[in-house]
Amino acid sequence: MILSKRFTEALTFATQLHATQTRKGSGIPYIAHLLGVASIALEYGANEDEAIAALLHDAIEDQGGAATREEIRRRFGDNVTEIVDGCTDSDMTPKPPWRQRKEAYIAHIATASASVRLVSSADKLYNAGSILKDYRVVGESLWERFKGGKDGSLWYYRSLVEAFRKAGSTPLVEELDRVVSQIEQLVNKI
């Protein structure tokens with residue numbers, strides 16, 4: 001598949017939307033995460049709409065809510081918007097409590113489209129890989145970055161694997177399971 005200028009436009013838009021953001025606790029520009037998620041999605045068979053949604057998957061949640069949703073719809077269409085919406089755990093300000101949002105997101109996976117599950121699992125694989133890498137460097141202090149702390153984060157990622165698998169196992173879901181299992185093994189050694 002060849003990506004069109006729509007992908008380039010989405011990359012520019014994502015870069016502008018997230019220009020002032022960095023990854024939790026790392027100082028890494030947020031665009032690195034978005035590029036990583038798009039890369040994983042493409043490596044696991046994403047079409048262009050799914051790849052664009054991967055670049056924009058956090059835009060509604062983190063950068064403007066309903067106004068950003070309508071801008072995505074205007075620029076990239078209904079399909080991309082539906083995928084991004086499906087990857088959004090909340091567009092409310094303030095956000096509902098962490099555990100409530102995560103439980104609702106996990107429950108929603110069962111009825112999510114294959115496109116939403118692809119982009120969401122690519123996002124979760126990227127995040128789990130970052131957790132694994134950072135845990136090896138900073139140890140237990142890593143969990144201070146996360147609202148759910150250690151126990152909540154471990155519960156969330158294991159629950160995601162189970163929900164994705166129940167909705168339809170894929171090589172991407174199996175890779176997510178391997179990375180989450182590595183985190184669990186590393187954490188349980190301490």
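**Cavity and pockets**

Trainee: How do the residues lining the largest cavity divide into nonpolar, polar and charged?

Mentor: This is a predicted model, in which local features need pLDDT of at least 70, side-chain atom pairs count only at pLDDT 80 or more, and totals for chains, interfaces and linings use all residues. Residues are numbered from 1 along each chain as its sequence is written, and side-chain values use heavy atoms, leaving out hydrogens and water. Ala, Val, Leu, Ile, Met, Phe, Trp, Tyr, Cys and Pro count as nonpolar, Asp, Glu, Lys and Arg as charged, and the others, Gly among them, as polar. The lining of the largest cavity divides into six nonpolar, one polar and one charged.

Trainee: What volume does the largest cavity have?

Mentor: On a 1 Å grid over the protein atoms alone, a cavity is a set of points where a 1.4 Å probe fits but cannot get out, while a pocket is an open set with protein on both sides within 12 Å along at least five of seven lines; lining residues have an atom within 4 Å of a point. Points are joined across faces, edges and corners, and a volume is the space filled by probe spheres set on them. For the largest cavity this is about 40 Å³.

Trainee: Which element gives the largest share of the lining of the largest pocket?

Mentor: This pocket has a volume of about 830 Å³ and is lined by 34 residues. Helices (DSSP runs of H or I, at least four residues) and strands (E, at least two) are numbered from the N terminus. The largest share, eight residues, comes from helix 7.
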